[in-house]
Amino acid sequence: MDVIVKRPNGTQDVTPAQVYKWHTIEQVVKDSAEQFGFKEIRIPTFEETGLFVRSVGDTTDVVQKEMYSVSATGDEGYTLRPEGTAGTIRAVIQNGLLNEAMPQKVYYLLSCFRHEKAQKGRLREFHQFGCELIGTASPAADADLIALAHSVLGRLGLDNVELHLNSIGCPECRAKYRQALREYFLPHREELCDTCKDRLDKNPMRLLDCKSEEDQELAKDAPVILDYLCEECSAHFGRVKKNLEIMGIRYTVDPKIVRGLDYYTRTVFEFISKDIGSQGTVCGGGRYDGLIETMGGKATPALGFAMGLERLILAMESRGNEFIAEKTCDLCFVTMGDAAAEKSVELAQLLRDEGYAVEYDLVGRKLKQQMNYADKIGAKYVIVLGDSELESGKAKLKNMKSGEQTDISLGEELCEQFAAQYYAMMMDTDDDFRKFVEAFSDGQE
Ligand code: ATP
Ligand code: MG
């Protein structure tokens, strides 16, 4: 059967069978962010369009072609966020966080919307994990933020992802560089794509970020920004590299990286995976020292990055990396008759209160089909309840993996007896569980 209305092009459903991959990534990024001192921030899905035009920049692809602007009767001028930094900085200013202890470190997990050509690793609704580090101009902060991204990728088993690093200088060095770029591209003006003809006048650095092959070819021999950095920007870049070296984080200086958003200054970087085809950038970020002031906050240096979660999953899949397994059912009651069914409701409640994942028949199936269901959902244990079990107050607890059966009381001792069986089984079969218990008991001695 076909669904009548399908999901929009460039969007994805995550089914329950696949969601463990998302949970894995969400868990890892939260752990890493918190380890580096970042706290979560949540912001609206839509903002005033002007917010993105001002921050992302009106000569960028995002603003020129990709924004989903929305309207409701009598309510116009809103856009679904194409990225997370603008809204986050808006929220930081609006909630007075600039008056709190500096630096402020915030992270987010959110969906973004861009009207792009949908393809592998490029969606119209995609998800980002992002971090913003606000209130420091120190190059140590650039390196520490990169170290956070590096740590996330390492924990996901993506240690082959390459760090590409560049500095695009401050407005002063960029003025000279822009001039040089203009002079370089001007003789080729007619060969450029239409958008880039316009960019040549307004924002020539955008030419380096153009996706058109002809323009990329032309850009190959363009002057590089690193030759135009002023002394301070150059020293800053040197310190960032030094700290990365201290931390043992390998990088490649890549003067072609200018990033797709206009707010960046000085350090910019991308982490690029070779495993997932041409949309290989899994993380992009950099410093944006001027952004907060342009958005109405007091001048405050800051920096950040965002990772594309779909691309992280693709990269992990392509390497065959492990994801954290989902919790499955601990115990499923299988019942015969109304009295047993009622008892299963009561006992499930007791065990759930103790923290176990417990299920019982909700369909009214026969015993055999209930067993099949328990098997399909991967229940670790089954208790079969019928009249004779109710009468004796005892039943068999069946370990579904080993087939082993043990007696279990249906009375007061149920929880205690189940806990003992469960613990022994976990110590026997789950290495992580055993290691955790052993580490904990070592610490107690
Ligand atoms: P790209 O060069 O691939 O278009 P970008 O420079 O537009 O990326 P950013 O705005 O820096 O990307 O967003 C940060 C990250 O978000 C990217 O590195 C990527 O992993 C992810 N991302 C960006 N656009 C998409 C998209 N349309 N679909 C899926 N992920 C995306
Ligand atoms: Mg893009």
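Domain bounds come from an automatic or database domain assignment. In this predicted model, the assignment gives domain 1 (19–170 + 230–319) and domain 2 (331–432). The C-alpha centres of domain 1 and domain 2 lie 48 Å apart.

Residues are numbered from 1 along each chain as its sequence is written, chains are lettered from A and ligands numbered from 1 in the order in which they are written, and side-chain values use heavy atoms, without hydrogens or water. Local features need pLDDT of at least 70, and side-chain atom pairs count only at pLDDT 80 or more, while totals for chains, interfaces and linings use all residues.

**The shell around ligand 1**

- Ligand 1 is surrounded by 16 residues, where a residue is near a molecule if one of its heavy atoms lies within 4 Å of it.
- The closest are Arg114, Glu116, Arg122, Arg259 and Thr281.
- By class, the shell holds 5 nonpolar, 5 polar and 6 charged residues. (Ala, Val, Leu, Ile, Met, Phe, Trp, Tyr, Cys and Pro count as nonpolar, Asp, Glu, Lys and Arg as charged, and the others, Gly among them, as polar.)
- At least two shell residues come from each of β6 (125–134), β10 (281–287) and β11 (302–308). (Strands are DSSP runs of E, at least two residues; helices are runs of H or I, at least four; both are numbered from the N terminus.)
- β10 gives the largest share, 4 residues.

**Polar contacts and burial**

- A polar contact is a pair of N or O atoms within 3.5 Å.
- Glu116 places a polar side-chain atom 2.6 Å from a nitrogen atom of ligand 1.
- Leu123 uses its backbone: an N or O atom there lies 2.8 Å from a nitrogen atom of ligand 1.
- Arg311 has a polar side-chain atom 3.0 Å from an oxygen atom of ligand 1.
- Taken alone, ligand 1 exposes 580 Å², and the protein buries 93% of that. (Accessible areas come from the Shrake-Rupley method with a 1.4 Å probe.)

**The second largest pocket**

- The second largest pocket has a volume of about 1,000 Å³. (On a 1 Å grid over the protein atoms alone, a pocket is an open set of points where a 1.4 Å probe fits, with protein on both sides within 12 Å along at least five of seven lines; lining residues have an atom within 4 Å of a point. The volume is the space filled by probe spheres set on the points.)
- Its lining has 37 residues, and those closest to the centre are Thr328, Lys380, Met426, Thr429 and Asp430.
- α15 supplies the largest share of this lining, 7 residues.
- Domain 1 and domain 2 each give at least three lining residues.

Technical notes. A polar contact is a pair of N or O atoms within 3.5 Å; within protein, one must be able to donate a hydrogen and the other to accept it, and residues adjacent in sequence count only if both atoms are side-chain atoms.
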